[in-house]
Amino acid sequence: MTIDKKDLLNSILESLARIDYIKPEDLPNIDLYMDQVTTFMDAQLSISKRYPEDKVLTKTMINNYAKNNLLPPPVKKKYSKEHLLALIFIYYFKNILSIGDIQAILNPITDHYFASDSKLNLEDIYTEVFQLEESEIQNLQKDIAKKYHTSQQTFSNASEEEKEDLQHFAFICMLSFDVYLKKQLIEKLIDAKNEQHEKNE
């Protein structure tokens with residue numbers, strides 16, 4: 001069965017446009033128990049699940065984050081709004097980075113701004129970072145459309161029945177290479193920051 005190429009591209013771009021983030025005003029103003037945290041996160045981030053039965057965060061994950069000093073411990077078994085903000089950052093990072101790399105990125109932020117009297121707090125940082133999302137999604141849509149159109153020019157010598165699968169593969173390879181390069185860049189940024197920190201000590 002031939003995939004309608006225009007429909008496929010439009011479907012991909014529309015799915016990107018639907019990606020949203022949890023806004024600070026959507027966060028509860030009361031501290032939550034573990035079950036309430038997992039229920040809240042599952043409901044708020046359900047659009048990002050690949051399959052309906054997937055879990056956004058489990059109790060085991062959250063306990064492991066706290067044990068590994070990735071998440072500040074709960075107070076009397078309750079999690080604050082700032083805990084939820086940290087968990088959202090962890091959720092996005094964990095798909096591409098190791099726990100060690102997430103610690104390197106997030107711990108300096110939570111150490112300085114979690115439950116802090118600083119002029120900036122974790123909510124301010126979260127708001128500023130995620131406000132970049134809208135313009136970044138528009139840039140991504142343009143980049144993905146360009147990669148898609150480039151992939152459709154490949155394998156011009158292949159038979160018609162082979163061409164569709166090969167072009168589909170080429171598109172996936174281009175997207176994967178993009179992710180690979182960005183992951184390499186993130187890791188280099190983390191390593192450079194760690195080296196600087198070690199020198200300062």
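Eight salt bridges turn up in a search of the whole structure, a salt bridge being a side-chain nitrogen of Lys or Arg within 4 Å of a carboxyl oxygen of Asp or Glu. This is a predicted model, in which local features need pLDDT of at least 70, side-chain atom pairs count only at pLDDT 80 or more, and totals for chains, interfaces and linings use all residues. Residues are numbered from 1 along each chain as its sequence is written, and side-chain values use heavy atoms, with hydrogens and water left out.

**Salt bridges**

- Side chains of opposite charge can pair when their charged atoms come close.
- Lysine 147 pairs with aspartate 143, with 2.7 Å between the closest N and O atoms. The two residues are four apart in helix H7 (residues 133-151), and are therefore separated by about one helical turn. Helices (H or I, at least four residues) and strands (E, at least two) are DSSP runs, numbered from the N terminus.
- Lysine 147 is buried at a relative accessible area of 14%, while aspartate 143 is partly exposed at 26%. Here buried means under 20% relative accessible area, exposed over 50% and partly exposed in between (1.4 Å probe, protein chains only).
- A network of salt bridges links Asp143, Lys147, Asp178 and Lys182.
- Lysine 163 and glutamate 160 form a salt bridge at 3.3 Å, N to O. Both lie in helix H8, three residues apart, about one turn of the helix. Lysine 163 is buried, with a relative accessible area of 16%, whereas glutamate 160 is exposed, with 63%.
- In the salt bridge between aspartate 42 and lysine 49, the closest N and O atoms are 3.4 Å apart. Lysine 49 counts as buried, with 18% relative accessibility.

**Nonpolar cores**

- The largest nonpolar core has 31 residues, of which Met41 and Leu87 touch the most other members. Such a core is a set of buried Ala, Val, Leu, Ile, Met, Phe, Trp, Tyr and Cys residues joined through side-chain atoms within 4.5 Å.
- Two or more residues of this core come from each of helix H2 (34-44), helix H3 (59-67), helix H4 (81-93), helix H5 (99-113) and helix H6 (122-130). H4 gives the largest share, eight residues.
- Leaving aside residues up to four places away in sequence, methionine 41 is in contact with Ile22, Val56, Leu57, Leu84, Leu87 and Ile88. Contact means heavy atoms within 4.5 Å.
- Seven residues make up a second, separate core, among them Leu9, Leu13, Ile144 and Phe171.

**Helix H4**

- H4 runs for 13 residues and spans 19 Å from its first C-alpha to its last, close to the 18 Å expected at 1.5 Å a residue. The expected span is 1.5 Å times one less than the number of residues.
- This helix is mostly covered, with 10 of its 13 residues buried. Among the buried residues are Glu82 and His83, as well as Leu84, Leu87 and Ile88.
- The buried residues of H4 pack against strand S1 (32-33), H2, H3, strand S2 (78-79), H5 and H6.

**Surface patch**

- Phe177, Tyr180 and Leu181 form a nonpolar surface patch with about 330 Å² of accessible area together. Patches are made of residues with over 30% relative accessible area and no salt bridge, with like charges joined within 9 Å and nonpolar side chains (Val, Leu, Ile, Met, Phe, Trp, Tyr) within 5 Å. Accessible areas come from the Shrake-Rupley method with a 1.4 Å probe, and for residues only the protein chains shown count as cover.
- Leucine 181 belongs to helix H8 (residues 160-200). Leucine 181 is partly exposed, at a relative accessible area of 42%.
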